[in-house]
Amino acid sequence: MASNDTNLTTRPSVAVHTPGTATGAESAASVMRLRDVSVYYGSYEAVRGTSMPIQQNQVTAMIGPSGCGKSTVLRALNRMNDPIPGARVSGDVLFHGQNLYARDVDPIQVRRRIGMVFQKPNPFPKSIYDNVAYGLRINGIKGRLDDHVEEALTQAALWDEVKDKLRKSALALSGGQQQRLCIARTIAVKPEVILMDEPCSALDPIATAKIEDLIFELTNDYTIVIVTHNMQQAARVSHYTAFFTAEVDEQQERHGRLVEFSQTGKLFTNPADKRTEDYITGRFG
Amino acid sequence: MTLTKNPPAAKPTLTQRGSSALGDRVFSWWTLGTGLLVLAVLGLILITTVREAWPAFDAMGLRFITERVWDPNPATGDAIFGALSFAYGTAVSSLIALLFAVPVSVGIALFLTELAPRRLRGPAVTVIDLLAAVPSVVFGLWGILVVAPALVPFYQWMHDVLGGVPLLGRLFGPVGSGRNFMTAGLILAIMVTPIITSITREVFSTVPRADKDAALALGATRWEMIRGAVFPHSFGGVVGAVMLGLGRAMGETIAVALVIGGATNITANLFAPGNSMAAVIVQQFGESTGTFTAALIGLGVVLFAMTVLINVFAQVVVRRAEARMKGSVA
């Protein structure tokens with residue numbers, strides 16, 4: 001049942017949430033929980049029957065071959081599938097025990113509490129400063145905007161590189177800097193959970209390493225779910241790993257499915273499922 | 001270095017040009033030619049119109065654009081040709097048109113790109129494009145027979161309510177026949193809405209999904225997403241669309257000639273009759289001779305110059321605004 005302090009149905013005028021203080025009827029360690037979640041595009045069931053927890057202040061990785069539905073599940077966690085025509089979710093996506101797909105839940109409020117960083121760095125065609133300030137402004141956080149922007153950029157390990165050119169276009173930054181700017185923009189509104197959809201797939205190895213370090217830092221304050229097609233990355237940055245694969249049913253339709261969820265160390269060294277073992281040893285996918 | 005000692009066998013293939021080179025050359029000449037053709041036509045129009053208008057320019061000098069009197073057949077003395085009243089009419093009616101057309105067009109375009117159900121989009125676009133296909137004389141006749149008389153009571157009411165307000169009231173002065181700046185502006189607004197809508201719609205639809213997702217993922221409402229992701233991305237394109245609409249409004253001839261009232265008049269009162277440059281040309285060209293004809297062509301030159309100036313100005317505005325909004329790239 002929903003706890004009192006996690007009201008997703010209304011938009012507070014000023015909502016500065018302090019991460020890491022979540023309470024709820026769920027076990028204190030899991031901030032989110034998927035219970036038999038299936039995602040449909042029209043009549044096509046893209047992912048079926050996924051159940052797993054998202055542990056607080058931990059990094060949960062989702063891995064698996066292309067088309068296994070890992071990104072689809074990720075986008076279901078903050079209702080980013082909503083704008084896609086025909087997309088539908090069944091089952092429960094619980095956030096502090098409250099189902100995100102309940103009728104009275106406001107998706108706007110959900111996304112403010114559960115932010116997202118995308119595969120391709122997508123800063124707005126605005127200045128660096130305005131990129132970070134955008135989320136603060138729309139959430140009605142007034143005054144000391146400069147402080148908030150600096151704080152977010154610092155947390156994203158970007159401040160030193162951009163502090164002298166805050167009014168310059170964000171599009172003039174390198175790809176890795178752009179992605180860290182996108183992370184800064186996300187953490188500026190202080191969500192509890194940050195979803196990352198293959199955040200390094202468009203970046204070179206050095207920029208990737210910086211983002212990975214950053215992810216590790218961010219777990220002090222945030223809960224992170226990261227989709228990656230890079231198994232080494234999952235092994236490096238995550239505490240828990242979910243392995244998805246694609247199954248072909250009798251009608252020759254492919255459905256994504258969660259095969260195994262466990263602590264990252266265990267999943268990579270001693271997987272319970274044969275399919276997981278085949279994947280991580282490079283035998284398929 | 002073994003690489004440099006490679007036999008030169010591979011070398012000729014780098015300089016050989018296949019048949020594709022001919023296609024490239026034809027293509028580049030063709031595009032260059034058409035590009036130059038446009039410039040040549042523009043230049044020729046300018047040169048010939050200025051030459052034809054020269055007797056009037058010569059007689060009036062700079063007064064041609066500063067004089068508000070237009071009297072081709074005075075009882076005594078020389079004819080007076082001043083374009084100012086008509087330039088004013090062109091500007092006022094076009095501004096009114098944009099004032100109404102731009103918010104409406106942007107609204108329709110946003111509805112079609114962001115809100116409308118997919119199956120409604122096609123038919124809606126067709127209807128709007130059909131609006132663009134209606135001949136302007138039809139708009140004019142509709143304006144003079146239906147719109148103008150129908151609006152008179154409304155104008156009268158506006159005059160009664162707002163006429164007494166200091167300064168603002170001057171815009172809503174005494175109402176005559178209903179053929180006036182305001183009616184001309186409203187008819188023009190309807191005429192330019194399709195073009196502005198269809199271009200803004202194109203521009204909005206080029207906003208990357210990623211930008212919109214970024215805004216939504218930060219907890220933006222649909223309107224906040226539009227303001228944060230769609231508008232900054234499309235500002236230049238929307239201004240371009242508005243400029244095309246403005247060009248059409250300023251150059252519109254027959255519809256304006258029918259509804260603007262046909263008076264040589266500079267007044268703040270939007271309910272007073274006036275005239276525009278394009279309308280005057282079409283009204284008076286048939287009965288003109290000599291310097292009078294030259295003066296009418298001169299109006300065309302002034303209209304042409306105004307359009308060019310406004311477009312240049314708009315480009316400067318876009319560049320400045322984009323630099324401010326997007327941050328300087330360098």
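Student: How many residues of chain A are in contact with chain B?

Tutor: In general, the size of an interface is often given as the accessible area lost when the parts come together. Here contacts are counted instead, two residues being in contact if their C-beta atoms, placed from the backbone, lie within 7 Å. On that basis 31 residues of chain A touch 21 residues of chain B. Helix H2 (107-113), strand E6 (114-117), helix H3 (128-138) and helix H6 (175-188) of chain A each give two or more residues to this side. By class, the side of chain A has 15 nonpolar, nine polar and seven charged residues. Ala, Val, Leu, Ile, Met, Phe, Trp, Tyr, Cys and Pro count as nonpolar, Asp, Glu, Lys and Arg as charged, and the others, Gly among them, as polar.

Student: On what conventions do these values rest?

Tutor: This is a predicted model, in which local features need pLDDT of at least 70 and side-chain atom pairs count only at pLDDT 80 or more, while totals for chains, interfaces and linings use all residues. Residues are numbered from 1 along each chain as its sequence is written, and chains are lettered from A and ligands numbered from 1 in the order in which they are written. Helices (H or I, at least four residues) and strands (E, at least two) are DSSP runs, numbered from the N terminus.

Student: What percentage of the residues of chain A count as buried?

Tutor: A residue is buried if 20 or more other C-beta atoms, placed from the backbone, lie within 10 Å of its own, exposed if 12 or fewer, and partly exposed in between. Of the 285 residues of chain A, 50% are buried. Chain A has 10 helices and 10 strands.

Student: Which residues of helix H8 of chain B are buried, and what covers them?

Tutor: Helix H8 (residues 209-217) of chain B buries B:Lys212, B:Ala214, B:Ala215, B:Leu216 and B:Ala217. Their cover includes H2 and E6 of chain A, together with H9 of chain B. Just after H8(B), B:Gly219 has a positive phi of about 90 degrees.

Student: Where do residues other than glycine take a positive phi?

Tutor: One of them is A:Lys190, with phi near 50 degrees; A:Lys190 lies in the loop between H6 and strand E7 (193-197) of chain A. A:Lys190 counts as buried because 23 C-beta neighbours lie inside 10 Å. Another is B:Leu167, with phi near 65 degrees, in the loop between helix H6 (136-162) and helix H7 (181-205) of chain B. B:Leu167 has 7 other C-beta atoms within 10 Å and is therefore exposed.

Student: At what angle do H4 and H9 of chain B cross?

Tutor: Two packed helices are described by the angle between their axes and the distance between the axes. Axes are lines fitted to C-alpha atoms, for helices over the stretch in contact, and angles run from 0 to 180 degrees between N-to-C directions. The axes of helix H4 (residues 84-115) and helix H9 (residues 222-251) of chain B come within 9 Å and cross at roughly 140 degrees. H4(B) is therefore oblique to H9(B); angles under 35 degrees count as roughly parallel, over 145 as roughly antiparallel, 65 to 115 as roughly perpendicular and the rest as oblique. Among the contact residues are B:Ala97 and B:Ala101 of H4(B) and B:Val242 and B:Gly245 of H9(B). The contact has 12 nonpolar, three polar and two charged residues.
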